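Hi there,

Here is the structure I promised to pass along.

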Amino acid sequence: MRVFQNANYKFLSMRRPAYFASAAIITIGLLSIVFRGGLRTGVEFTGGVLLEVQFSQTTDVGQIRDALTDGGTTGVQIQQLRTVGAETYDFLLRVPVGEEEDQNAIRDQIRASLETQYSAGSFEIARGDTLSAKVGDEFQRTAVIAVLLSFLLTLIYLAFRFEWRFGVAAVIATVHDMLITFGFISLFDIEINLATVAAILTIIGYSLNDTIVVFDRVRENLRKKRKEPYDATLNRSLNETLPRTVLTSGTTLIALFSLVVIGGAVIRPFAGVLIIGVLIGTYSSIFVASPVLLEIHDRARRRSAIAART
Amino acid sequence: MFGSVRWRLVWIAVLVTICGFALVPETIVDEVTGESERVWPLKLGLDLQGGMQLTVEIYDPEGALSGEDLDDAVDRTLTTIRNRIDEFGVREPTIQRSGNRIIIELAGVDNPEQAKRIATETAFMEFKIVTDGQDFMEALERIDRAIVNEVGIENLQVTTLETEPEVDLSDILGGAADSAAAEDAANEEEAVEGEDPAAGEDPATDSLATEEEAADAVDEATARPLSALLGQGRILGEYLVPQEDQPTAAAWLELEGVREALPRGVTLHWGVEQVGAGAGSYVPLYVLEAEPLITGDMLQDAGPANRDPTFNQPIVPFETTRRGSRVFERGTARNIGENMAIVLDDRVQSYAVIRSVLSRRAQIELTPGASFQEAQELALVLRAGALPMPIEVVEERNVSASLGEDSIRQGRTAFIIGIVGVIIVMMLYYRAAGILAVGALLTYVIFMLGGLAGLEATLTLPGIAGLILSIGMAVDANVLIFERVREELAAGKTPRTAVDAGFGNALSAIIDANLTTLITGIILFQFGTGAVQGFAVTLCIGILASFFSAIYVTRTLFIMYLNRRGSRESVSI
């Protein structure tokens with residue numbers, strides 16, 4: 001079986017509609033972020049309390065909220081987790097804390113309110129994370145450093161392995177992927193926590209991976225034929241690597257979909273972010289990275305042509 | 001020799017065998033129940049096996065501590081926490097320092113609140129005088145009656161019946177002079193003295209004053225539950241309780257009526273060390289003066305452990321604060337010749353004879369038989385109690401064991417579905433070559449899991465996600481190679497040259513792609529904590545395993561496949 005064998009799509013002539021599409025998606029995502037007042041950061045980055053409570057009796061978000069309000073705790077985000085075939089009713093409770101608040105006291109207060117409303121044996125706190133605001137700040141800072149450092153090191157590696165213009169194009173494609181991913185995270189209201197940051201870093205790796213495979217082919221083809229126009233070489237390289245691109249993305253997506261369906265409440269957002277990232281990464285290696293490479297090349301040629309005339 | 005198919009297969013077989021061995025489940029036999037349990041050798045993170053992780057730091061809102069002081073304070077707190085957790089009896093606790101924080105990981109804790117309280121209480125040290133036990137012995141009858149009243153005689157029958165061996169205990173300890181306990185007693189003997197080591201007073205001698213009472217108690221065992229458990233100690237005011245009965249006795253001593261029956265001015269403290277005597281193991285119980293000689297906040301510093309220049313026995317010097325020295329001087333002047341117990345967190349760590357009046361500087365002299373390590377441990381205990389630091393919990397994570405089991409089950413199912421899905425796609429798409437890729441994928445999984453087990457990496461929930469993600473990406477290298485081979489075949493090359501060219505041309509892309517992902521993995525490992533580090537580890541091991549399986553294993557399988565086909569000029573790809 002084969003797909004896209006001897007394909008000859010004119011990817012590069014589709015680059016202007018692709019730019020438009022990318023710009024539109026990025027704008028929607030950024031608007032969503034602005035509209036929601038920033039990305040929703042989890043308690044790992046703000047400090048606070050995260051509880052996963054399993055009730056053996058049926059209840060709903062409203063009842064839980066009332067119980068907590070009666071007990072004096074407000075500002076709790078409550079989310080029902082849907083677990084297939086489970087015998088319990090699971091809810092996630094999140095409370096961010098400020099610098100002056102004591103996260104442990106809030107946790108104890110929540111537990112006390114739940115015990116008042118529901119009998120003590122009818123629920124279990126299956127997971128309980130409490131983090132001080134200070135630790136949250138530190139996690140946030142290290143996450144930002146990790147993402148930036150990851151960028152920097154890969155850029156250095158690319159500069160070392162390829163010409164500088166390949167590196168620039170690859171980085172622009174990756175930034176494009178991250179902007180879109182952040183937009184989706186905002187649209188789907190996925191919270192930013194350590195696992196999401198790990199997913200974002202993986203996307204950076206994956207997206208670069210895809211782009212590198214294409215660029216590796218471009219470099220090889222440029223060495224072989226000097227007569228062919230630059231854009232034709234690029235387009236041919238894209239088509240030649242297309243089967244690989246589709247197949248690898250496909251197998252990765254199979255693995256990720258099995259995670260989304262079966263992986264459980266904690267893994268689902270993480271796997272969801274990765275799926276978006278893989279799709280965007282595949283798209284960008286074809287419609288963003290190579291076209292940007294062409295733009296850089298054209299601009300450089302025009303400049304040298306002007307320089308030659310004067 | 002590395003090129004021939006046979007050698008390639010040998011290398012692969014060796015690696016697969018090593019990884020396979022790392023994955024063989026171990027059988028662990030529980031020493032108490034005799035039940036054997038088969039344990040999967042992968043170390044599971046707390047999010048998978050259930051448990052508690054605490055990150056604590058020294059509570060210092062004004063920032064009074066910095067540099068070396070802070071460093072030292074963290075070290076001392078670490079010692080305190082270690083001592084307590086060891087006492088708490090959790091299986092394989094991890095207590096480590098990370099910067100100026102301390103991370104405590106306790107797997108399978110039934111009572112997280114209690115564990116947390118134990119770990120985070122401020123260390124509290126006191127030096128207290130060991131009484132002669134006379135008041136306590138007189139009060140024993142009252143105490144026994146209080147226990148009978150509160151617990152009820154019918155409940156006690158059972159308990160006392162279980163404590164039959166007490167008769168032996170009295171015998172052994174009564175005749176301590178010629179038993180194993182004698183040696184033990186000699187070894188444990190310590191003395192405190194001032195800077196002048198010449199004060200050569202005799203160490204405290206064992207007294208048998210209470211032997212009579214103890215023996216009496218056995219005769220009336222049913223009526224005198226506590227007395228029946230008490231055996232003669234090595235010094236006055238020390239009693240030995242069989243280890244298996246210690247929890248019962250400790251519970252009795254907490255009873256309201258028992259507290260009231262205790263003589264005034266006296267408190268009871270358990271010791272931390274276990275004393276071996278004959279076949280049994282005993283926990284010492286001390287009767288101490290309630291009023292401490294000095295408390296930890298009056299202790300300036302202690303250690304390092306040293307050796308006495310003339311007699312060469314280990315010594316631990318310590319220093320009191322200016323205020324403490326006055327209190328200490330008055331206290332020791334009144335109690336020369338008495339035993340002074342070092343009590344940390346309500347438990348007696350050690351005791352020593354006061355030989356002279358002590359003030360600012362003093363030293364604890366261990367008996368000649370004591371090891372230098374014992375002295376070092378004692379120095380750490382003293383330092384932990386000196387200037388105790390309040391501890392603040394900055395991060396706490398609890399996961400119940402049942403939730404962990406759910407995660408493992410879901411992860412396993414997702415793993416199997418993911419791998420089966422990828423296998424189906426590869427076989428459909430590449431036919432015979434697809435089967436080779438599947439073979440390589442299976443060796444990849446063995447390398448991956450074997451690598452995790454062999455490096456004793458911890459598998460966390462994001463780690464499982466990383467594992468599943470890497471299955472999809474592991475075939476990438478194979479796909480790159482196969483696509484190349486197809487191209488070369490389409491260009492009219494013979495199968496053998498096409499395969500060679502395919503592997504050769506795909507290599508640079510594979511290396512670049514793997515290295516960039518490896519960079520990300522290493523950064524994640526460096527900056528991540530806990531669960532994210534688990535993800536980074538699986539990602540990095542996965543990249544190395546997939547690289548080897550694609551480049552080496554697939555190629556070997558390909559060569560075998562071509563050899564088998566002989567001269568036929570076609571290849572199924």
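Below is what I found, starting with how the two chains meet. Please keep in mind that this is a predicted model.

**Where the chains meet**
The contact draws 53 residues from chain B and 53 residues from chain A. On the side of chain B that touches chain A, the elements giving two or more residues are β21 (391-399), α15, α16 (461-490), α17 (495-527) and α18 (530-565). Of these, α15(B) gives the most, with 15 residues. By type, that side of chain B splits into 30 nonpolar, 16 polar and seven charged residues.

Strands take part too: β4 (residues 123-131) of chain A runs antiparallel to β21(B), and five bridges join them.

**The nonpolar cores**
The largest nonpolar core has 159 residues, and Ala465(B), Ile468(B) and Leu524(B) touch the most other members. Helix α15 (residues 401-454) of chain B gives the most to this core, with 20 residues. Another core, of 62 residues, lies apart from it and includes Tyr239(B) and Leu382(B).

Leaving out residues up to four places away in sequence, Ala465(B) touches Leu259(A), Gly263(A), Ile267(A), Phe270(A), Ala271(A) and Phe535(B).

**One residue in chain A**
Ile185(A) sits in helix α6 (residues 164-187) of chain A. This residue counts as buried because 24 C-beta neighbours lie inside 10 Å. Among the residues Ile185(A) touches are Leu39(A), Ile192(A) and Val273(A).

Best wishes

Conventions: Residues numbered from 1 in each chain as written. Chains lettered and ligands numbered in written order. Predicted model: local features only at pLDDT ≥ 70, side-chain atom pairs only at ≥ 80, totals over all residues. Core = buried A, V, L, I, M, F, W, Y, C linked by C-beta atoms within 7 Å. Buried ≥ 20, exposed ≤ 12 C-beta atoms within 10 Å, placed from the backbone. Helix = DSSP H or I, 4+ residues; strand = E, 2+ residues; numbered from the N terminus. Contact = placed C-beta atoms within 7 Å. Nonpolar A, V, L, I, M, F, W, Y, C, P; charged D, E, K, R; others polar. Pairing = 2+ DSSP bridges.
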